[in-house]
Structure formats: structure tokens, C-alpha cells
Amino acid sequence: MALVDLIMPKMGESIMEATILKWLKKPGDTVVQEESVLEIATDKVDSDVPSTEDGVIEEILYNENDVVPVGAVIARIRTSVAEEISNTAPVSSPVYENSVQSTQTDMQMHNALQVESEVKTASVNTGRFYSPLVLNIAASEGIGLHELENIPGTGNEGRVTKNDILQYVQLRKSGVTAAQPALEVPHRVDAEKQPVEFVKQEIHAVADHTMVVKSTPAPPAIVYNGDSENNIEIVEMDRQRKLIADHMVRSKQTSPHVTSFSEADVTNMVLWRDKIKMQFEKQEGTKITFMPLFIEAILRCIKKYPLINSSMNGDRIIIKKDINIGMATALPTGNLIVPVIKNADQLNLVGLAKQVNGLADKARNSKLKPQDTQDGTFTITNVGSFGSLAGTPIINQPQVAILAVGAIKKRAVVIETPQGDAIAIRHMIYLSMSYDHRIIDGSLGATFLTAVANELENFDVNRSI
């Protein structure tokens, strides 16, 4: 017999931990290779973790709702292989290069990683541990901190598990237990001197979406009542919001941002789409939106200016030969996620439309896989879908540029005609692009953006599908 470690897999660039949602197997259960053992959630997508071997689940090292670092051993599988396999030689690709050499050392690393994960997990600073899932359920059900503190926990060290809080919610709704008021936040010097106004944040341009957004509904964090004298409300940042803050700051600290603006007359493109959209859907089985048309124009310009499709590694500029376009997609929760169209320049308009619609649909229904959000080389975000005319997007690291398209608006503009200048009603759009000034100078950034605007303005209204 041999023991094989089941490792928390790396689910994407910048993802360093995942939450265990549900164990599909328990100790003693038989598993076959590639059979799902547990369900996990990262800040990008939900996914199953398959077994790496045929065998029997020997041991489960983490509970449901625990936040586990990438590379940690989460379970052990006993196989029928005659030769013993070291517990510290995982079958999955390890994240840590220096593997420990004994079971004792392995357990020490496991314990250290577990402590680290608990420190990173969202908490309410009351001395009692709550997982992000429990906090989210509490927030969505209007359960305040004081009430949450009084829920008996059946988990390790009295922790409140998902089943505990769901059972409590069910009893609460049936009237067995009464809802208790939220705990008031003690007076703080900073809160008294600097009143805080909580404003709902809508993120129109997101950097490093790989860790910023979730494809599963994320209720707001628990809200604590402030004192009436200062008329404030204090909201504890949940884990997702902390990640958003961290990666916005990291992108700004990494790249000196410059944003250039341009506008384009997209009348021909609008008229063409209006003319063929019903035929397109009937013929191709998918809708034609403006996004694939924008991407088509961007692709042509990237081929003219390949430095836009690059990244930076120390003092080296890495120019990417593959053009993988990330598109910021709004979720029903209001969050954004960035699925990636791989080798977008190899697709025609029909292929782009199907990719855009397919990935957007998967995102909205939490069906994205980790590979759907990886390896982007350039990002486009449609701030116009939120009604914005323009935006100053933050670069999606490690990329060097991100382009935002605003809302298409009819405006009276001066146009040149054979008979001279005239004022006409045209469909106009603002374009803005933020870029890394370490690599892209203002001349290249403005030139590229102008080229995209020209591509849109010169759209062939007579083109076929």
C-alpha cells in the first residue's frame, strides 16, 4: 500500500488560496482517478478537485469552509501501489519548490499553512473564527455579530459551520429563535475624529481581475451600527473587498499609469449591426453585440503595434506572440470577472461573437473554468454598459495596457462632405486607454488608440456577415 497526497491545486495566476465548499468523499470512500473529491471556491471561479489516483480516502486534513493555501496537502489517498510514496512528494504539481523530507516536517508545514490561512480569512475580531462563507450567509440573512456570537458551533474548537448557521437560519425563520440586534461598534478615536461615509462601489475598470472578482454571489459584509452622535455607519471589509483594495494598489504601485483619450464616429458600425443583427442570429445561432466588433478593431491594431501586447519581467520586455483578449464581464452580483478569448486573432467575426457570448454566459451562470480566465495579454472593458461616457481603467497586471469603451451616444458633430462642412447627428463613442509608461510612451499609446478609433470609423457598412 502507498499513501499519496492530494494537493490544493493552483487555480490561476495570483490565486494563493481557496475555500473548501463541500467534501464529496469521506474517509474510507473509494475513489478512481479523475473522480471529483471536493468542491472549492476561489476569488475567480468554483471548481472540483479530482482524485489523482485510484484508491481509498485515508485522511481528510481540512474541514468544509476552511480557507486553504495553494500547495497544502488537503487529503491522503491510500493506493494499491506496492512501493510506499513519500507523503511529501505530491502527485499534483507542487507550488513550493523545497519539499520537506519527513512526515513530521510535513505536518509542521501543514500546521503553519493552516495558521496562515486562518489569519488571512475574514474575521470580525471577536476572538472567534468565522469562515468567509459563514460571514456571507450571516450578512445575507441579516444576522448581526452579537447574534452570530450566540450560535453554537459544532466545528473544530466550537466553530460555526455552514450547517450550523443554515440550521439556525431555518429555526429563525420558523420563529423558534428571535433575531437579535447587531452589536454596536465600540467608540474608536479614529471613527470619532474622522466620520466614515459608506458608499456603494461600482467597479467599472478593474486591475488584476484574477483575484478581484468572484463568479459566485457574494453578499455584502456584516454591517455594524455606529454611534448616533456622529451619524456614521462602519462596514467591515470582507475578504473579496480586501483583495480588490490590495490589487488596485498593487497595480498602481507596479505600473506608472498614463491614460489617453480619443473619440470615434461609429455610425457605420451601428447602422450595419442594426441591419444584420436578426439575420446574424438566425444564421449563426448567436447574437451580434458591439464587443466582438471592438475586439476585431483592437486585434488589427495590436498586429501593427505588437509592443502593446507585452509584459515586463524585471528589465526585460516580453512581447507575446499569442493575442489573448480579456473582456471585463458584469455579473448579477455587480462584480466583474475577466474571461479570456485565447488566440483571438485566429477567429473571424462569427467566432469572436460566439466566444464573447459563450464566455459571458458562462460567467453569469458561474460555469467558468480556471483556464477561461488565464493568460490574457490585453484587456477591454465596456464602461459604457454602465452608462459611463469614459473611464480611466487600471491595468490588469501583468499586462501593460487596458482599453475602455464608453457609451455610444448620438451627438451633433461637424462632418466633412463634398459640399463642405456640415452638422449631422452621428453615433459617437469615447475611447480611453491606460498603459504602463515604463514600456509604452505617450506617443505609442496615443498612436495605438487613434488607430483603434480609425478602424471603428472606417467600418465597412456594406460588409457581409
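Predicted model: local features only at pLDDT ≥ 70, side-chain atom pairs only at ≥ 80, totals over all residues.
**Entry: helix α4**

I looked up helix α4, which covers residues 162–173 and has 12 residues. From its first C-alpha to its last it reaches 17 Å, close to the 16 Å expected at 1.5 Å a residue. I then asked which residues of α4 are buried. They are Asp164, Ile165, Tyr168, Val169 and Arg172. Seen down the axis of α4, the buried residues fall within an arc of 130°, so they line one face of the helix. I noted the general rule as well: an α-helix has 3.6 residues a turn, so residues three or four places apart point the same way. Asn163, Gln170 and Lys173, on the other side of α4, are exposed. Just after α4 I found glycine 175 with a positive phi of about 90°.

**Entry: helices α9 and α11**

I took helix α9 (residues 291–304) together with helix α11 (residues 442–457). Their axes come within 9 Å and cross at roughly 135°. The two helices are therefore oblique to each other, and the crossing is right-handed. On the α9 side, the contact is made by Leu293, Phe294, Ala297, Ile298, Arg300, Cys301, Ile302 and Lys304. On the α11 side I listed Phe448, Ala451, Val452, Glu455 and Leu456.

**Entry: lysine 303**

I stayed in helix α9 for lysine 303. Is lysine 303 buried or exposed? Its relative accessibility is 54%, so I count lysine 303 as exposed; the cut-off for exposed is over 50%. Leaving aside neighbours within four places in sequence, I found lysine 303 in contact with Ile323 and Asp345. Lysine 321 lies 18 residues from lysine 303 in sequence, and the two are 9.6 Å apart in space, C-alpha to C-alpha.

Methods
Residues numbered from 1 in each chain as written. Heavy atoms only, no water. Helix = DSSP H or I, 4+ residues; strand = E, 2+ residues; numbered from the N terminus. Expected span 1.5 Å × (residues − 1). Buried < 20%, exposed > 50% of the residue type's maximum accessible area, 1.4 Å probe, protein only. Arc of directions from axis to C-beta. Axes fitted to C-alpha atoms, helices over the stretch in contact; angles between N-to-C directions. Parallel < 35°, antiparallel > 145°, perpendicular 65-115°, else oblique. Left-handed = near helix turned anticlockwise from the far one by under 90°. Contact = heavy atoms within 4.5 Å.
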